[in-house]
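Reader: I should like to request a close look at one part of this model, with the cut-offs stated for each term.

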Amino acid sequence: MRVVMPTDPLRMAFHALTVPAAGQYRATTVMQEISKAAPNRDLVEQNVSPPEVSNVRASTTDLDNLMQAIDIDVIALIELLVPRGHRVEMGKIDAPGIHYNLSGVGRISINGGPRMPLNPHMLIIVPPNTPFTIEVDGGIGSPTLISKDCWTRRGGILRLAVPNERPEVVQICGYFTALFGQSVRLFGDLREPVIEQFEPKDKIDLKLREAMDELFQQEVGVGAMTSSLLKQVLVSLLRRSLGSSQPWTERFSILADRQITRAFADMVARPGAAHSVQSLAHNAGLSRSGFMARFSGIFGRSPMVVLRELRMRQAAIDLTTTATTVDVIARNAGYQSRSSFVRAFRQAYERDPSDYRRTATGRKAAQPA
């Protein structure tokens with residue numbers, strides 16, 4: 001993963017090398033105006049609405065299966081250092097952000113909302129396209145907006161700091177995608193922030209600092225290491241949520257509907273099994289029509305389309321991490337016919353499985369030792 005800063009920081013864009021399940025790197029531009037941007041109270045409309053169902057929590061087994069299978073791609077990490085008497089404004093970014101306050105006390109306003117206390121070891125996840133402001137008292141009058149000229153890059157880390165000023169608030173911001181399969185986003189329909197207060201003993205800061213060190217060093221496997229570390233942070237948040245009276249899992253339509261979560265978790269854990277709409281509906285404890293309506297309402301696609309994406313993800317992993325034959329990989333992915341599997345794989349990845357494996361193997365061999 002690498003981060004490129006254009007010469008104009010006000011229009012800076014992150015060009016990150018994300019890692020799809022198949023292991024093929026691709027450059028993507030995911031942010032446009034990240035330094036100064038006027039807060040906007042209007043969130044971008046999401047395609048998914050939370051289901052109107054019982055708020056009984058998903059089982060720990062289902063959640064465990066989902067967290068094991070989720071793919072985390074770190075888009076970028078940013079270090080914010082805000083001195084006394086200053087403020088920083090972060091604009092809309094088309095990716096969810098996880099923000100951890102390492103030290104210092106200040107205030108934060110999310111999406112133009114009221115100012116809230118910002119304390120050490122506070123973790124906040126903001127939805128995609130959600131601006132926020134951090135400010136620290138200490139000067140005369142209103143806090144001074146930190147200039148766009150204060151952006152610098154250190155290795156793979158973007159840093160916002162005022163020269164010759166001692167920071168009061170030190171915060172790490174990570175922007176990422178969290179995917180099941182190729183397009184099911186865990187945080188895509190998050191509508192309000194998730195806020196949790198951690199303690200030093202939880203060691204969240206150590207995981208994020210280690211991720212920053214990885215980006216700075218830019219050694220082989222940096223993408224895998226940073227993704228793994230950020231996933232550990234999300235798992236820590238999930239564990240905290242399970243003991244909370246207001247668990248963050250209920251804010252996601254994918255996880256809020258316990259019956260649909262049960263069926264989806266089974267699809268994620270066993271994508272190659274002989275699933276059908278009827279068997280999935282039975283697993284969810286719903287009628288076929290009721291299951292189809294609720295599943296499609298949450299995911300925006302039918303169960304069989306989502307299942308095909310999960311199967312292709314599993315096949316891509318097998319192709320790039322094992323020496324298993326294409327025929328066996330096809331059967332493991334739930335396909336009895338090699339030709340049907342090849343057609344589905346070509347549609348998903350725009351190349352044949354054998355060519356996909358060959359390309360991935362050649363890329364690995366070309367990496368420095």
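In which strand is the place of H86, and what are the residues of that strand?

Author: H86 has its place in strand β4, which covers residues 86–90. Helices (H or I, at least four residues) and strands (E, at least two) are DSSP runs, numbered from the N terminus. The model is predicted, so local features require a pLDDT of at least 70 and side-chain atom pairs a pLDDT of 80 or more, whereas totals for chains, interfaces and linings use all residues. Residues are numbered from 1 along each chain as its sequence is written, and side-chain values use heavy atoms, with hydrogens and water left out.

H86 has a relative accessibility of 13% and therefore counts as buried; the term buried stands for under 20% relative accessible area, exposed for over 50% and partly exposed for values in between, with a 1.4 Å probe and protein chains only. A contact is taken as heavy atoms within 4.5 Å. When residues up to four places away in sequence are not counted, H86 touches I134, E135, V136, P143, T144, I146, V162 and E165.

Strand β4 belongs to an open sheet of five strands, in the order β7-β6-β9-β4-β10 and with mixed pairing. Two strands are paired if DSSP finds at least two bridges between them. At the edges stand β7 (116–118) and β10 (144–145); each has a single partner strand, so one side of each is left without a neighbour in the sheet. Within this sheet, β6 (residues 106–110) and β9 (residues 132–136) run antiparallel and are joined by four bridges. I110 stands opposite F132 of β9. The loop between β6 and β7 holds N111, which has a positive phi of about 55 degrees although it is not a glycine. N111 is counted as buried because its relative accessibility is 15%. N129 lies in the loop between β8 and β9 and is buried, with a relative accessible area of 14%.

Strand β5 (residues 97–103) also deserves attention, as six of its seven residues are buried. Four bridges join β5 to β8 (residues 122–126), and the two run antiparallel; the partner of G97 in β8 is V126. The pairing of β5 with β13 (residues 167–180) is likewise antiparallel and has six bridges, with C173 of β13 as the bridge partner of H99. C173 is buried, at a relative accessible area of 0%.

The next topic is the packing of nonpolar residues. A nonpolar core is a set of buried Ala, Val, Leu, Ile, Met, Phe, Trp, Tyr and Cys residues joined through side-chain atoms within 4.5 Å. The largest such core has 62 residues, and those that touch the most other members are L123, I125, F180, F187, F264, F291 and F299. Helix α3 (residues 222–242) gives the most to this core, with seven residues. Beyond its neighbours within four places in sequence, F187 is in contact with P96, I125, P128, F176, A178, L234, W248 and F252. Apart from this core lies another, of 27 residues, including I78, I108, I134 and C150. C150 counts as buried at 13% relative accessibility. With a disulfide defined as a pair of cysteine sulfur atoms within 2.5 Å, the count comes to zero.

F264 is also among the buried residues of α5, together with I260, T261, A263, A265, D266, M267 and V268. The expected span of a helix is 1.5 Å times one less than its number of residues. For the twelve residues of α5 (residues 258–269) this gives 16 Å, which agrees with the 16 Å between the end C-alpha atoms. G285, in the loop between α6 (277–284) and α7 (288–299), is exposed, with a relative accessible area of 54%. Setting aside neighbours within four places in sequence, G285 is in contact with Q259 and R262. G285 and Q259 are 26 residues apart in sequence, with a C-alpha to C-alpha distance of 6.8 Å.

For the protein as a whole, there are eleven helices and 15 strands, and buried residues make up 49% of the 369 residues. Among contacts with a separation of 6 or more, 72% involve residues 24 or more positions apart.
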